[in-house]
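Q: I would like a close look at one part of this structure. Please keep to what can be read from the model and take it step by step.

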Amino acid sequence: MKYRKPILHFFGADMSKRDIFRQDMISAGERFADAFSLPKDMVVNATLFHMIGDSELFVENFKGIVSYTCQNILIKGNHVKYCVSGECLMIEHFSNEDMKISGHIKEIKVIREI
């Protein structure tokens with residue numbers, strides 16, 4: 001299969017060639033996962049969030065913790081960061097594979113790295 005060069009003006013002037021290539025690679029990984037019935041999170045190395053109500057959050061497949069306060073927890077994923085905001089946030093469990101955050105979770109923001 002021959003790689004086709006993406007059209008820059010289709011995606012907008014603010015996207016660099018690197019961003020478009022990264023977007024193409026992710027979509028290629030997603031297509032591969034679909035074709036072979038594989039979990040997308042494993043193929044594209046995605047971070048998984050499992051919430052139970054607004055008081056518990058389980059996070060899997062993350063790179064690390066950037067900052068941690070009782071109001072905000074900044075988590076590093078693959079080419080992206082996640083900010084968990086709330087009140088009385090506490091990391092109850094932490095390992096290389098997963099972590100559990102408890103407290104009153106108000107929002108989760110995705111912060112794209114450039």
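Is asparagine 96 buried or exposed, and what lies around it?

A: The model is predicted, and what follows is computed from it. Asparagine 96 counts as exposed, because its relative accessibility is 70% and the cut-off for exposed is over 50%. Its place is the loop between strand S5 (80-94) and strand S6 (98-112). Glutamate 60 is 36 residues away from asparagine 96 in sequence, yet the C-alpha to C-alpha distance is 8.9 Å.

Lysine 100 is buried, because its relative accessible area is 17% and buried means under 20%. Leaving out residues up to four places away in sequence, lysine 100 touches Glu56, Leu57, Phe58, Met90, Ile91, Glu92 and His93.

Neighbours within four places in sequence aside, isoleucine 101 has contacts with Ser55, Glu56, Leu57, Val59, Ile73, Ile75, Val84, Leu89, Met90 and Ile91. Isoleucine 101 also belongs to the largest nonpolar core, which has 13 residues. Val59, Ile73, Ile75, Val84, Met99 and Ile101 are the members that touch the most others. At least two residues of this core come from each of strand S2 (56-60), S4, S5 and S6. The largest share is that of S5, which gives five residues.

S4, one of the strands that supply this core, spans residues 72-76 and pairs with strand S3 (residues 64-68). The pairing is antiparallel and runs over four bridges. In one of these, glycine 64 has lysine 76 of S4 as its bridge partner. S3 and S4 are joined by a hairpin of three residues.

The cysteines complete the picture. Cysteine 83 is buried, with a relative accessible area of 13%, whereas cysteine 88 is exposed, at 65%. For cysteine 88 the closest cysteine sulfur is that of cysteine 70, 6.6 Å away, so the two are too far apart for a bond. The cut-off for a disulfide is a pair of cysteine sulfur atoms within 2.5 Å. A search of the whole structure finds zero disulfides.

Definitions and conventions. Residues are numbered from 1 along each chain as its sequence is written. This is a predicted model: local features need pLDDT of at least 70, side-chain atom pairs count only at pLDDT 80 or more; totals for chains, interfaces and linings use all residues. Side-chain values use heavy atoms; hydrogens and water are left out. Two strands pair if DSSP finds at least two bridges between them. Buried means under 20% relative accessible area, exposed over 50%, partly exposed in between (1.4 Å probe, protein chains only). A nonpolar core is a set of buried Ala, Val, Leu, Ile, Met, Phe, Trp, Tyr and Cys residues joined through side-chain atoms within 4.5 Å. Contact means heavy atoms within 4.5 Å.
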